[in-house]
Amino acid sequence: MKIRKNGIAAGIAAVATAAMLAVSVPAHAANTTINIWMDDQRGAQLSPVWDGSTTIAPGYTIKITTFSSRDAMMSAWDKATAASGPDMMFDAVSSTTDAAKNGKALPIVLTATQKAELPAAALGAASYQGTQYGIPVDVDTTTMYWNTKFGKAPKTFAALAATFQKYKKAGKVTTGICAGDGTWGALPVLTALGGGAWGYKADGTPDVGKVLFNSPAFVKNANALLVDKKGKGNGLFAWDGWDGCGQSFVNGKALAINTGSWRLSAIIDAGINYTLQPVPTIDGKGTSHQWSGFGAVFGTSYSKDHGVDLGVKTALSYFASQKGALAYATATKRPPVNSKIGSHLSADVAGFANAAKTGAVQVNGLLGDNTGGANWYDVLSSTFDAAFTKGQGVKASFDKGAKILKVDWAHGITTL
Amino acid sequence: MNLIKPSAISAVLKVMSLALATALLVWMIYTAILASDFIIAGVLLIILIGANWVYFSKKAVASKFLFPGTVLLVIFVIVPIIYTAWMSVYNYKTGNEITKDQAITQLKLVGLVPDAAGTTYDMVLGKAHGQNAVLLTDQATHQAFLGDANKLTPLQPGSYTMDKLQKAIAAPGFTVASATDIAASNTWLSTFTVPVSNVRFVSPQGSDVAALMHEKFKFNAGLTQLQDTASGVVYVDNGNGNFVAKNDATKVLFPGWRQLNPAENYIGLLTNPKLSGPFVGVFIWTISFAFISVLMMWALGLTLAIAMDKKIKFRGFYRAILILPYAMPSFMSILIWAGIFNGDYGALNNLLGLHVQWLNDAWLAKGVILLVNLWLGFPYFYLISTGALQALPTDIEEAAEIDGATGSQIFWRIKLPLIFQILSPLLIGSFAFNFNNFNLIYLLTKGGPTDVLNGQTAGATDILITYAYKTAFGSNQQNLGLACAISVIMFVIVGALSMWSLKRSRVLEEM
């Protein structure tokens, strides 16, 4: 009897509480909120500008969700469902193509104006299997910061090597040029010495049959300039994360570093006076090349589930427009992709925008492919390690790396 | 004077607590149903019914204590194990993450492509003759049209109003919708098309832009194959989660879908040289690492416990020092050790004037891993060994001494076997922990070094859990199904070893 009484009382209480909670659940009206995910950097910079905006996509309200880090955002993205996923996301362009491959990106159609203002290479990077998915918004590229304490930036790589030997003997530097951010900043050194990744066909597309990684010119120049008598690296070229040779540059112990605009404030804060220019080629002719990656924004397939896909497409048009691109570049200080807003940029941002013009497009489908056993980044660090740290020979090490890359790219090109 | 009996207060509290729990569960079920997560809704419903039955029935007194733990065990242990095992029999990787229905829906969407000329229109949404309609202006020719679900009608110049950008903004019989109306119309507008011919139509591409489109992919009735109408290539279901070109299996359409393929991941681990080679090496190192780690930690911990068991000066101080590594968060210790052993900038090389690449050589890195693990783990073994030593009955030792046993004999033949028996469950637990010691490996070496130039795809210090993590999340080419298969194998190994060891030490029988 007591049990029954308790049960009845609990039932009444439960129903009453559930009713109260249910009332607090909003009624199911048409959704007009566009939820955009950003990492900590973009989120902090763009939330004050765009969060709550009702003008980017008229009739819709922009809601920016900022994550504590990019890792946190990508972790949430991996676990996202139709219920929890965003409507749009800002990230490296590889996220756009990955989302497209996984069926989580919204296909879009570009207008003639957008095609005219956004470089074809950048648009191509945000497309997958011939379909456009994202709008490229910024250029991630690198250039060489030269510490002017050591005089003017050299015009040839040979002059850079001579300057390094001079200051090394004097005990003033330990590193010549540092490839910052791991292996990402190494390409201009490779290309300056006659090497690189892949060749290009006449139409500008990658020629993956032409692997430049172990080109005879590079092997010859690297043997002449980058290794010592013991066959190990002589310090002219170093590569690793920001805590290694990057720190040496900040400490004034490296002549130069090849890195991106994201290091500007750290270098300025360290009191380093610098000039920005490409890594000089061996003889000063032509130019070296650095990777050009892009940041992009794309609409997700979840936006369709949320009933805001058209609003998302409208917002994408805004981000592709000059007005949207300028607002983005001003807030983030990242070099823009939109070619029409250059005159509004600061000198440093413009410097990186210029660097992007000689950039080699970072084709993620090729660089990330590991069919041969490892991808470009892992091959590069292992090759550098073998050639310059372990002293296993430049030719032998780069030949092994090239063999793997050839397999990677032969497969990778079929997936683009 | 007690106005309210304690039993009444507890009854009220019980009813209120259950009412609140019930209400929350009802709310969660409602939310899960709204999100179409019917399995979750079903599980929550079972918990709801179970909780109310257990706490309001006299027949389920014992379950009152077991119920919360059982629910948590099911949610956080049983379900993940079942889900992992379930996913391990799927082709589940980058490009094959969604269901087949979702993939086909997405392919149909991707198959709607702009015409070759890339014709786009400025669009104004509204109503004409009581129907939803769009006022379109060709962005290239500035020709205006009125479109509805039935047809596209060109408008005569002068019959409509243009703005300064030569975009038609009003026309007779056409009522412009407000921005709010447009947003509210998203659902129907996203599927709205204006037919232009049998194969072409105008489709909105935002609130104010539309494009001339056609259908690139034509599916057959059974949705088992599709044809690219531009190239004529026929794509067929390859049975493994993708549509591939009928005459060229290397031409694969994405997105694909998760495909049930029970044997692929497991057989691949055994037969695919790219997977089996690293897997065997990683497996051997995992067992060795866990075994050697436990052995070393126990040996050192026990030695120190025996040393500290004697009454020596400053014993309390030494004991405090010995457990310091245990008191410090392990991830901090590991990162500090990683800095100390850095080949270029590490303190060890700087202090000794060496240039040894401690973490860049396979054997040295393994040695460093074991050394750091010993540092992190010996205080625990010191503590439990001290406890075990103190728990040993002293009369056995005295009896042995009377029988003429030496100190060495007493230790090796009496104390050690007894300590081993006491500590067996903890040694087994420690072995299982180290078998899955992700933090140590990932923070110290990230599983490396990996000699990729000589064909290695797993790092020299990778253990199964880091290998599985890298397989699943280590690059932009994730293979979640394979990682699940590796996890299942790990689960079986650890489970079997634990059961075997527990049985061997007769702990189960004595419990």
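Author: Before we start: two residues are in contact if their C-beta atoms, placed from the backbone, lie within 7 Å. The model is predicted, and local features need pLDDT of at least 70 and side-chain atom pairs pLDDT 80 or more, while totals for chains, interfaces and linings use all residues. Residues are numbered from 1 along each chain as its sequence is written, with chains lettered from A and ligands numbered from 1 in the order in which they are written.

Reader: How many residues of domain 1 of chain B are in contact with domain 3 of chain B?

Author: The assignment (automatic or from a database) puts domain 1 of chain B at 6–87 and domain 3 at 272–510. Their centres, over C-alpha atoms, are 38 Å apart. Domain 3 brings six residues to the contact, and domain 1 brings four.

Reader: Which helix gives the most to the side of chain A that touches chain B?

Author: In that interface, 59 residues of chain A meet 61 of chain B. Helices here are DSSP runs of H or I with at least four residues, strands are runs of E with at least two, and both are numbered from the N terminus. Several helices of chain A supply at least two residues each, including H4 (93–101) and H17 (376–389). The top contributor, with eleven residues, is H1(A).

Reader: Which strands of chain B stand at the edges of the sheet?

Author: Strands pair if DSSP finds at least two bridges between them. The sheet is open, with five strands in the order E13-E14-E15-E16-E17 and antiparallel pairing. One side of each edge strand lacks a neighbour in the sheet, since each has a single partner; the two are E13 (217–219) and E17 (248–253).

Reader: At roughly what angle do the axes of helix H2 and helix H3 of chain B cross?

Author: Axes are lines fitted to C-alpha atoms, for helices over the stretch in contact, and angles run from 0 to 180 degrees between N-to-C directions. H2 (38–56) and H3 (63–87) of chain B come within 9 Å, and their axes cross at roughly 160°.

Reader: How many nonpolar residues are in the contact of H2(B) with H3(B)?

Author: Among those meeting are B:Ile47 and B:Val54 in H2(B), and B:Phe67 in H3(B). Ala, Val, Leu, Ile, Met, Phe, Trp, Tyr, Cys and Pro count as nonpolar, Asp, Glu, Lys and Arg as charged, and the others, Gly among them, as polar. Two residues of this contact are polar, one is charged, and the nonpolar ones number six.
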